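Subject: Structure handover and findings

Hello,

Here is the structure I said I would pass on. The notes on what was found in it follow below.

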Amino acid sequence: MMALLQYACFEIASTIISAVEKISDHNDGASAVCLNNIGSIYKAMGEHTKAVATSLNNIGSIYDAMGEHTKALGYHMEALEMRKKFYNDGHPHVATGLNNIGTVYYAMGERMKALGYHMEALEMTGILHGGTRNEEEVLQ
């Protein structure tokens, strides 16, 4: 779905640019306004796709609650990949995504995978809160 949305926006932007080039000189104000508007569309699209990542995460949580862990894992993984594109690795949304994946793996009985994701989220949370946390600090 996201690829289709990106393609549609690219096609619209290309059409607008071609039309502006045909009717105006690149140095005039109309071109600048048009390009600014295209930039606004892409900016809005980015906000929209962040909302899609949140929706995917929520769908994953619902599937997890329903006991459909494989489906839940797929949605959480997709949400995490999207969030990693939008945010840096130290962002709370990325840490939450890692934690959600760890929770699903735990429910699936894959304790070591769950531990890995939870530890990564915990380390990131420590970074987010101005310190570092590792397993030894947590266990003390």
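Leaving aside its neighbours within four places in sequence, which residues is His 69 in contact with? They are Tyr 63, Asp 64, Val 104, Ala 107 and Met 108. Please keep in mind throughout that this is a predicted model.

His 69 belongs to helix α3, which covers residues 69-86. Its relative accessible area is 19%, and because the cut-off for buried is under 20%, His 69 counts as buried. One of its contacts is polar: the side chain of His 69 meets the side chain of Asp 64 at 2.7 Å.

Overall make-up

The protein has six helices and zero strands, so the pattern along the sequence reads α-α-α-α-α-α. There are 140 residues, and 27% of them are buried. Among contacts with a separation of 6 or more, 50% are between residues 24 or more positions apart.

Aromatic rings

A search of the whole structure gives three aromatic pairs. One of them is Tyr 63 with Tyr 75, a stacked pair with 5.6 Å from centre to centre and 20° between the planes. This pair links distant parts of the chain, with Tyr 63 in helix α2 (residues 29-65) and Tyr 75 in helix α3, twelve residues apart. Tyr 75 is partly exposed, at 27% relative accessibility.

Another pair is Phe 86 with Tyr 87: the ring centres are 6.4 Å apart and the planes stand at 75°, so this pair is edge-to-face. Phe 86 has a relative accessible area of 27% and is partly exposed, whereas Tyr 87, at 18%, is buried.

A charged residue also sits at a ring. Arg 111 lies over the face of Tyr 106, at 4.0 Å from the ring centre.

Nonpolar core

Which residues of the largest nonpolar core touch the most other members? Of its 14 residues, they are Leu 73, Leu 80, Val 94, Leu 98, Ile 101, Tyr 105 and Met 124. Two or more residues come from each of α3, α4 (92-107) and α5 (111-128). Helix α4 gives the largest share of this core, six residues.

Not counting residues up to four places away in sequence, Leu 73 touches Ile 101, Val 104, Tyr 105 and Met 108. Val 104 and Met 108 are also among the contacts of His 69.

Lys 84

Lys 84 is in helix α3 as well. With 34% relative accessibility, Lys 84 is partly exposed. Once residues up to four places away in sequence are set aside, Lys 84 touches Asp 89 and Val 94. Val 94 is one of the core residues named above. From Lys 84 to Ala 95 the C-alpha to C-alpha distance is 10.0 Å, and the two are eleven residues apart in sequence.

Regards

Terms used. Residues are numbered from 1 along each chain as its sequence is written. This is a predicted model: local features need pLDDT of at least 70, side-chain atom pairs count only at pLDDT 80 or more; totals for chains, interfaces and linings use all residues. Side-chain values use heavy atoms; hydrogens and water are left out. Helices (H or I, at least four residues) and strands (E, at least two) are DSSP runs, numbered from the N terminus. Buried means under 20% relative accessible area, exposed over 50%, partly exposed in between (1.4 Å probe, protein chains only). Contact means heavy atoms within 4.5 Å. A polar contact is a pair of N or O atoms within 3.5 Å; within protein, one must be able to donate a hydrogen and the other to accept it, and residues adjacent in sequence count only if both atoms are side-chain atoms. Rings of Phe, Tyr and Trp (its six-membered ring) pair if their centres lie within 6.5 Å; planes under 30 degrees apart count as stacked, over 60 as edge-to-face and the rest as tilted. A charge sits over a ring if NZ of Lys or CZ of Arg is within 6 Å of the ring centre and within 35 degrees of the ring normal. A nonpolar core is a set of buried Ala, Val, Leu, Ile, Met, Phe, Trp, Tyr and Cys residues joined through side-chain atoms within 4.5 Å.
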